[in-house]
Amino acid sequence: MNSSVSNGASTTMAAEEEDSRGIRVSAMQFSYDRLQPPLFLDFNLDVSPGSRCLLLGANGSGKTTLLKILAGKHMVGGRDVVRVLNCSAFHDTQLVCSGDLAYLGASWSKNVGSAGEIPLQGDFSAEHMIFGVEGVDPDRRDKLIDLLDINLQWRMHKVSDGQRRRVQICLGLLHPYKVLLLDEVTVDLDVVTRMDLLDFFREECEQREATIVYATHIFDGLETWATHLAYIQDGELRRAEKLSDVNELKSSTNLLSVVEAWLRAETKLEKKKPVQKTSVASSPFFSSRQMAYYR
Ligand SMILES: Nc1ncnc2c1ncn2[C@@H]1O[C@H](COP(=O)(O)OP(=O)(O)OP(=O)(O)O)[C@@H](O)[C@H]1O
């Protein structure tokens, strides 16, 4: 993973081929509100295939927003700005429809036109939900049900947060994704399930060269699990490197204390200024929630 993007002339063919199977963000600008300074301004990020990349940063630094942009939930710029598996994350809808790009977020909700994100409700059984997904390899489904210790008779409105989360995770992993975006999905899981799930993810990266970006504030066991990290402060990429290259980790006991030191050392960044002033209607840099409703 590199924080900066090499230009076309100097990129080797091998690197180009590798890039096309991972994630590449080039000169991205994004703002929720045109009256506020942009959250991301000239943001660049490369995540190579097979990586397990931790996305780190303080509350409000932009992790969820970045994951949602990578998941194609916000339209940002033109087709070349946010590339996943050599497709535009927003425009190429087959990325999500095929299951190649999967996103698991903190709340289990669905996007409804004009109402925004609403929590998933209703009296469904776990079996109804899991077996309702078409085109699934039965062996993979059984493995996930077993791994997440799901009781197929669970009624979704009568289970605990952790049990509901297990079903959500199972649904999100049924198709063998190529890129998986995880936003704090393991918070409700007990430690055994969390460790088993992390092992499963590692297996998927090593055997199928799947790419995972995982935003979390829980660092237990991640020192040996992750291959890379990306650290964001106020929408700016401060570090993007292999975990084995992080100097502080060589002299520290764990990732928690290293990240704690980075967070404590953060100084206020100067407010970013948009590159150009354009109207909302004509600017390709503002998010288009309206369009996202139809995805
Ligand atoms: N829907 C929204 N509308 C306007 N601003 C938003 C919206 N969602 C997030 N923000 C703002 O964008 C910034 C980044 O938020 P984001 O949720 O991406 O942070 P985060 O790094 O995921 O935080 P946390 O660690 O708390 O989950 C914050 O300043 C937040 O207030």
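Of the 295 residues in the protein chain, 34% count as buried, a residue being buried if 20 or more other C-beta atoms, placed from the backbone, lie within 10 Å of its own. This is a predicted model, in which local features need pLDDT of at least 70, side-chain atom pairs count only at pLDDT 80 or more, and totals for chains, interfaces and linings use all residues. Residues are numbered from 1 along each chain as its sequence is written.

The largest nonpolar core has 65 residues, of which C53, L55, L67, L70, V82, L181 and V213 touch the most other members; such a core is a set of buried Ala, Val, Leu, Ile, Met, Phe, Trp, Tyr and Cys residues joined through C-beta atoms within 7 Å. Leaving aside residues up to four places away in sequence, L70 touches I23, V82, V84, A89, L181 and V213, where contact means C-beta atoms, placed from the backbone, within 7 Å.

The open sheet comprises 4 strands in the order β2-β1-β4-β5, with antiparallel pairing, and its edge strands, β2 (40-47) and β5 (87-88), each pair on one side only.

Turning to the ligand, the residues around it include Y32, D33, K63, T64 and T65, counted if the C-beta atom, placed from the backbone, lies within 6 Å. Helix α2 (residues 63-70) gives the most to this shell, with 3 residues.

Note on methods:
Pairing = 2+ DSSP bridges. Helix = DSSP H or I, 4+ residues; strand = E, 2+ residues; numbered from the N terminus. Buried ≥ 20, exposed ≤ 12 C-beta atoms within 10 Å, placed from the backbone. Contact = placed C-beta atoms within 7 Å.
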